[in-house]
Amino acid sequence: MTGVMRSRVGRVLWPRVLDFMEARSAVVLRGLLGDPRLSVVRRSRLPFLRRVARVAIRHRVPPRAIRYLIDPRVALRDAARVRARLDAHLAAGPPAGATAEARLDHVLRLLGTRAIPLAPAILPAPAAGFAMLALAAKLAGDRVTGDEVQTVLRGLPHNVTTEMDLALWHAAARIGAEPAAAEALLSRTPAELAALHRSGGLPPVVAAELAGFLADYGDRAVAEIDLGLPRWSEDPEHVLGVIANYLRLDDPARAPDVVFARGAEEAERMIEVIGGRIGGTRGRIARAALRRTRALAGLRELPKFLIVRVLAAARRQLAAVGEELAARGVLADPADVFFLTIPEARAAARGGRADLRGVVAARREDYRRELARRRVPRVLLSDGSDPEAAAPSPEGQDALTGTPASAGTVTGPARVVLDPVGAKLEPGEILICPSTDPGWTPLFLTAGGLVMEMGGANSHGAVVAREYGIPAVVGVAHATDSIATGSPVTVDGSSGVVRLNGG
């Protein structure tokens, strides 16, 4: 971020972006603005404006956004075409007998030409939708609260992450209709279920539902932007564990599809309430704007989903390279290829280096040690220091504060989860975690509330919590250290306060 923070435009815009995405990092960066090492060296706004204009023109962002506002169905058709073109390209990868070098060339093409353009190809639609949300809030002024405006985002359609979570819930419901199959899941740990999957020993209905889900979403994973981590199609332990969690939900009113439908109804009612409060022509404009928000904003999850599909395709090619190098004795295990750089893998494919096992072993040890870190700095300076390290610990406090993320108040037992794989979350428990990505969101469907150490009002966990109507507070320092599993907590998603001991 040094280059960004030494730019006149960057040091104004980037902390503002982080206010919504990762609020505590914005505070840290603003505290560094007086550091002479980050003094402004680029004062002109023109280079930034030229770059933005080039991207907007190249991807026809303004005219496309206008077309989508006129007719949101065009946005859905365009998104479907982008997805179909990508699927066709991924299906036309190197043949089964391709050389390692050909596979590495294909990986570089995928990552260099297919992944990045997916965002500007789709983002004009949700951007237009959120612009309409801002317009409606502006028209409403102080006649509507921020929580009421955010209610419009509940139960958004066309959200691929929500569709994934609900698809998994429906799979669990069909499994639950067969008591013997449900008991087979509930009586075993996720790791035991994954072993049964590998051996072909899952009950038939479980195997069929899992196969159907993985056919659509098997390219996803927790921490899915890491090419080195297995996809759900390779290791479905997390998916099987979530299905088991869903089977424990015995209150029909809290069924995820019921909750989601209720959220959509609340959103539609709120549109009418907001329009009525504003009244007249401005009220009608606000209603139309908010309906465009609901029609378009859900597409914001699609670029990440498609990029992850590109990453999964690249991973499959790299895995094949690993198989070849392991067969030649260059690597001890095919998965070791993910500890190499592309140039190293290419040199090994050409026969340039006979044995990379020692290099991989050292890197694996570094990786193992880094995974043991209890706390990862949000901002790390070039001299290795952590500017947030001196922040006081909340030890002894009866409340923690963060960024309000999803309105509502809920009290329940806490469940601290550092890794969602294999996590057991009972219905109604408050999920306390460091951060989330789409791989975590199946847990949201049974959570009573959410507290995250990372994030801001527009971070992934906050946005999904709002859509599900789950009270949430994010950017809560030391939450996973200060809250113990089983202890009662109260989450106030409107004020951003988490009260300990349920007080």
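What follows is a friendly chat about a predicted model of a protein.

Q: Before we dig in, what average pLDDT does the protein have?
A: This is a predicted model, and the protein averages a pLDDT of 91. At least 70 is the score reached by 98% of the residues.

Q: And where is confidence lowest, and where is it highest?
A: The lowest mean is in α21, at 85. Helix α14, residues 204-217, has the highest, at 97.

Q: Okay, on to the inside. How many residues are in the largest nonpolar core?
A: The largest nonpolar core has 89 residues. Those with the most contacts inside it are V206, F213, I243, L306, L431 and L450.

Q: Which helix gives the largest share of this core?
A: Helix α18, which spans residues 302-327, with nine residues.

Q: Let's talk loops. Where does L202 lie?
A: L202 is in the loop between α13 (190-199) and α14.

Q: Buried or exposed?
A: L202 counts as buried because its relative accessibility is 8%, and the cut-off for buried is under 20%.

Q: Nice. Which residues does L202 touch?
A: Not counting residues up to four places away in sequence, L202 touches L193, L196, H197, A207, L210 and L240.

Q: What about S459, where is that?
A: S459 sits in the loop between β5 (449-452) and α21 (460-468). S459 counts as buried, because its relative accessibility is 6%.

Q: And which residues is S459 in contact with?
A: Setting aside neighbours within four places in sequence, S459 is in contact with F20, M21 and M452.

Q: Switching to backbone angles: what is phi at A223?
A: Phi of A223 is near 55 degrees, a positive value in a residue other than glycine. Most residues other than glycine have a negative phi. A223 is in the loop between α14 and α15 (237-247), and A223 counts as partly exposed because its relative accessibility is 34%.

Q: What is phi at H478, then?
A: H478 has a positive phi of about 60 degrees, and H478 is not a glycine. H478 is found in the loop between β6 (472-474) and α22 (479-482), and is partly exposed, with a relative accessible area of 23%.

Q: What lines the largest cavity?
A: R64, Y68, A75, D78, A79, A121, I122, A125 and L299 do. The elements giving two or more residues to this lining are α5 (61-70), α6 (72-91) and α8 (118-122), with the largest share, three residues, coming from α6. By class, seven lining residues are nonpolar, none polar and two charged.

Q: And the second largest cavity, what lines that?
A: The second largest cavity is lined by F130, L153, L156, R300, V463, R466 and E467. Here α21 gives the most, with three residues. The lining divides into four nonpolar, no polar and three charged residues.

Methods. Residues numbered from 1 in each chain as written. Predicted model: local features only at pLDDT ≥ 70, side-chain atom pairs only at ≥ 80, totals over all residues. Heavy atoms only, no water. Helix = DSSP H or I, 4+ residues; strand = E, 2+ residues; numbered from the N terminus. Buried < 20%, exposed > 50% of the residue type's maximum accessible area, 1.4 Å probe, protein only. Contact = heavy atoms within 4.5 Å. pLDDT = per-residue confidence, 0-100. Core = buried A, V, L, I, M, F, W, Y, C linked by side-chain atoms within 4.5 Å. 1 Å grid on protein atoms, 1.4 Å probe; cavity = no way out; pocket = protein on both sides within 12 Å on 5 of 7 lines; lining within 4 Å. Nonpolar A, V, L, I, M, F, W, Y, C, P; charged D, E, K, R; others polar.
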